[in-house]
Amino acid sequence: MLDLYYWPTPNGWKITIMLEECGLPYRIVPVNIGKGEQFDPAFLSLSPNGRMPALVDHAPEDGGEPVSLFESGAILEYLAEKSGCFLPVDLRGRYRAKQWLMWQMGGLGPMLGQNGHFLLYAPEKVPYAIDRYGREARRLYGVLDQALTDVPCVAGDYSIADMAIFPWVMTHKAQGITLDDFPNVARWFSRLRGREALQKGLAVGKALRQSTMSDDAKRVLFGQNQTVTSE
């Protein structure tokens with residue numbers, strides 16, 4: 001059994017999408033990031049960075065002690081290796097997928113996170129930050145659009161890289177971005193959105209997600225009360 005420490009955000013959705021796609025049994029352990037549960041000592045023992053998701057595999061391949069993982073990219077790679085799904089086995093294909101996974105982890109996610117923060121949640125409007133991150137968000141969408149010019153998915157075949165990217169692109173309207181400007185991304189997005197398993201992954205814990213964010217949740221999420229920041 002796999003325990004997934006989870007809250008319904010783009011980084012959490014990556015993992016539920018993968019679990020639904022590869023069919024591994026799992027149990028959700030909610031981590032309410034708006035209440036600061038990601039800073040509980042028990043959770044920090046699994047995820048020292050104080051961010052969800054985290055995963056515990058109670059039945060690893062080697063038959064030994066449970067395997068505990070944090071960082072969504074590492075979790076996706078682990079699940080791909082465990083299931084034998086959604087990561088090419090050939091050298092070139094495998095690293096095509098891994099490089100786009102790293103691109104999402106190091107670029108798309110953090111930059112869209114900053115863009116969304118300054119557009120939607122910052123207590124004061126900072127024109128420089130809004131312009132800087134808005135331009136970087138559009139640049140990254142352009143990179144993705146170019147990559148999808150002649151292929152259906154970023155690494156050729158559908159992979160964990162697409163699962164990592166999709167939940168962040170799903171926030172494009174809130175990011176102030178229209179997919180009409182990125183036709184290859186729009187086609188890719190429409191194709192993936194039709195996958196039944198992906199939709200099941202997005203629906204996990206849907207009732208947990210609040211439509212609005214309280215002031216207390218903002219203080220927790222944006223690090224005003226903690227030395228460790230949350231997503």
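## Helix 7 and its hidden side

Which residues are buried in helix 7? They are Asn184, Val185, Trp188, Phe189 and Leu192. These residues cover an arc of only 130 degrees around the axis, which puts them on the same side of helix 7. An α-helix has 3.6 residues a turn, so residues three or four places apart point the same way. Keep in mind as you read that this is a predicted model.

What lies over that side of the helix? The cover for the buried residues of helix 7 includes helix 5 (127–147), helix 6 and helix 8.

## How helix 6 meets helix 7

Two packed helices are described by the angle between their axes and the distance between the axes. For helix 6 and helix 7, the axes come within 11 Å and cross at roughly 105 degrees. Angles of 65 to 115 degrees count as roughly perpendicular, and helix 6 and helix 7 are therefore roughly perpendicular to each other.

You can pick out the residues that meet here. Helix 6 brings Asp162, Ile165, Phe166 and Val169, while helix 7 brings Val185, Trp188, Phe189, Leu192 and Arg193. Among these, Val185, Trp188, Phe189 and Leu192 are also buried residues of helix 7.

## Helix 8 and Leu198

Now move along to helix 8, which spans residues 196–203 and has Ala197, Leu198, Gly201 and Leu202 as its buried residues. They cover an arc of only 140 degrees around the axis, which puts them on the same side of helix 8. Their cover includes strand 1, helix 1, helix 6 (160–169) and helix 7 (183–193). After helix 8 comes Gly205, with a positive phi near 70 degrees.

Let's look at one of these residues on its own. Leu198 has 0% relative accessibility and counts as buried, because the cut-off for buried is under 20%. Leaving aside neighbours within four places in sequence, Leu198 is in contact with Ile17, Glu21, Tyr158, Phe166, Leu192 and Arg193. Trp103 is 95 residues away from Leu198 along the chain, and the C-alpha atoms of the two are separated by 21 Å.

## The sheet

Strands of a sheet pair through backbone hydrogen bonds, either parallel or antiparallel. Here, four strands make an open sheet with mixed pairing, in the order 2-1-3-4. Strand 2 (26–30) and strand 4 (67–70) are the edge strands, each pairing on one side only. On average, neighbouring strands of this sheet are turned by 20 degrees against each other, direction ignored.

Strand 1 (residues 2–6) pairs with strand 3 (residues 54–57) in the antiparallel sense, over four bridges. To find this pairing in the structure, look for Asp3, which stands opposite Val56 in strand 3.

Helix 1 (residues 10–22) lies across strand 1 and strand 2, and runs at about 150 degrees to strand 1. This helix holds Lys14. Is Lys14 buried or exposed? Lys14 is buried, with a relative accessible area of 1%.

Not counting residues up to four places away in sequence, Lys14 touches Ser72, Leu76, Gln104, Met105, Met163, Ala164, Pro167 and Trp168.

In an unreviewed entry, UniProt lists residues 1–87 as "domain: GST N-terminal". In the model, this span is 33% helix and 21% strand, and its end C-alpha atoms lie 21 Å apart.

Technical notes: Residues numbered from 1 in each chain as written. Predicted model: local features only at pLDDT ≥ 70, side-chain atom pairs only at ≥ 80, totals over all residues. Heavy atoms only, no water. Pairing = 2+ DSSP bridges. Helix = DSSP H or I, 4+ residues; strand = E, 2+ residues; numbered from the N terminus. Axes fitted to C-alpha atoms, helices over the stretch in contact; angles between N-to-C directions. Contact = heavy atoms within 4.5 Å. Buried < 20%, exposed > 50% of the residue type's maximum accessible area, 1.4 Å probe, protein only. Arc of directions from axis to C-beta. UniProt positions renumbered as here; feature names shortened; annotations may be inferred. Parallel < 35°, antiparallel > 145°, perpendicular 65-115°, else oblique.
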